[in-house]
Number of protein chains: 2
Amino acid sequence: MAAAVERFNGYYIRLPSVRKLSFTTLSVLHTLAERGPVRLGELTATEQVTQPAITQMITKLEAEGLVERLPDPSDGRAVLVRLTAAGRTVVADRRNDRVARLSPLLDRLTTAERAALAAALPVLERLAALAQSDEG
Amino acid sequence: MAAAVERFNGYYIRLPSVRKLSFTTLSVLHTLAERGPVRLGELTATEQVTQPAITQMITKLEAEGLVERLPDPSDGRAVLVRLTAAGRTVVADRRNDRVARLSPLLDRLTTAERAALAAALPVLERLAALAQSDEG
DNA sequence: TAACTTATCTAAGTTACTTATGTAGTCTTC
DNA sequence: GAAGACTACATAAGTAACTTAGATAAGTTA
């Protein structure tokens, strides 16, 4: 869908208003941005939805030019999903948006307050890791 | 719907599996638990959905006995929404569940790590207050 | 009191999910 | 090495939480 890609590229600054992406969809795009090409079944495991839901979502995102399906060379049944350039733009754009909203608020905190937030981040990551290790 | 109430009361420990409550629904119940009786329109403002969505959700929750509609004495058009005892049980039950899941994880952190999390909480509250004051 | 506004409700359509099932590639076992 | 079982994904059909558009009834204003 080259037309969709061009449209996204041309107006990427307004992307959030071009198509509203659901929470789950955004989570998938984020996962793909972090982990690179991933099998469809792996997305089923990480997101909290069923496998057909992922199939349908990826079909839509592919039609919009945000992701692409690739054959998995190691398994003829499997499908690898990868972000396109347009897809990476969406993710980066959203991150920039978050930063733009948060920065002016953080600027109004004291140095000590910002330090308290920064000190909590690694603890939260460790907590998340503990929770995840308990599942497996 | 007395039957629904009794069912909720009788089996409240398993409530989360009786009916899956959507994210928005849970947010509304939480808002009602925090702020007490609230006008339907006020819920429209705090949650991120349209007014008809709130009307429909409250109708469902009322049928299940979790909330009740009251006339607003100060405005004949308005409707006040209030948690029932069963609704409060749902909220309390979920909170207990969160505590039960988090506590064993927090126990595995060091004292310093727990202190870092505790120190960040008031900062996050202040940050949220700053964000909210910018909207109005 | 007529015109306007506000608070909620109703109706109809959309969309992101679900469960159930189909299909093709891979593994196992004798 | 072929048959059966399993796995990865796709398709189909139904559900539930939303949406927009429009109706109703209470309150406000000129």
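Which side chains meet in a salt bridge at 2.9 Å, N to O? They are those of B:Asp134 and A:Arg108. B:Asp134 lies in helix α7 of chain B, whereas A:Arg108 sits in the loop between α6 and α7 of chain A, so this pair joins two chains.

Let me begin with the contact between the chains. Chain A contributes 19 residues to it, and chain B contributes 19 residues. The area buried between chain A and chain B comes to about 1,600 Å², and carbon and sulfur atoms account for 71% of that area. On the side of chain A, the residues that lose the most area to chain B are A:Arg108, A:Val123 and A:Leu127. Together these three make up 31% of what that side buries.

Between chain A and chain B the count is four salt bridges, while over all chains the count comes to 18. Besides the pair with which I opened, A:Arg126 forms a salt bridge with B:Glu113. In that pair the closest N and O atoms are 2.7 Å apart. The rule also finds six residue pairs in polar contact across the interface of chain A and chain B, with both residues at pLDDT 80 or more.

Which elements of chain A give two or more residues to the side that touches chain B? They are α6 and α7 of chain A. The largest share, 13 residues, comes from α7(A). By class, this side of chain A has 13 nonpolar, two polar and four charged residues.

The largest pocket has a volume of about 1,500 Å³. Its lining is made up of 31 residues, and those closest to the centre are A:Phe23, B:Phe23, B:Thr46, B:Glu47 and B:Gln48. Both chains take part in this lining: α3 (23-35) and α6 (85-107) of chain A each supply at least two residues, as do α3 (23-35), α4 (40-46) and α7 (111-135) of chain B. The element that gives the most is α3(B), with seven residues. By class, the lining has 10 nonpolar, 11 polar and 10 charged residues.

The second largest pocket holds about 460 Å³ of space. Where does its lining come from? In chain A, α3, α4 (40-46) and α7 (111-135) each supply at least two of the residues. The largest share is that of α3(A), with five residues. Among the lining residues are A:Ser27, A:His30, A:Thr31, A:Glu34 and A:Arg35, and the list also includes A:Thr46, A:Glu47, A:Gln48 and A:Gln132. By class, one lining residue is nonpolar, six are polar and four are charged.

To close, I return to the interface of this predicted model: about 1,600 Å² is buried between chain A and chain B, and the count between them is four salt bridges.

Conventions. Residues numbered from 1 in each chain as written. Chains lettered and ligands numbered in written order. Predicted model: local features only at pLDDT ≥ 70, side-chain atom pairs only at ≥ 80, totals over all residues. Heavy atoms only, no water. 1 Å grid on protein atoms, 1.4 Å probe; cavity = no way out; pocket = protein on both sides within 12 Å on 5 of 7 lines; lining within 4 Å. Points joined across faces, edges and corners; volume = space filled by probe spheres on them. Helix = DSSP H or I, 4+ residues; strand = E, 2+ residues; numbered from the N terminus. Nonpolar A, V, L, I, M, F, W, Y, C, P; charged D, E, K, R; others polar. Contact = heavy atoms within 4.5 Å. Buried area = accessible area lost by both parts, 1.4 Å probe. Polar contact = N/O pair within 3.5 Å; in protein donor to acceptor, adjacent residues only side chain to side chain.
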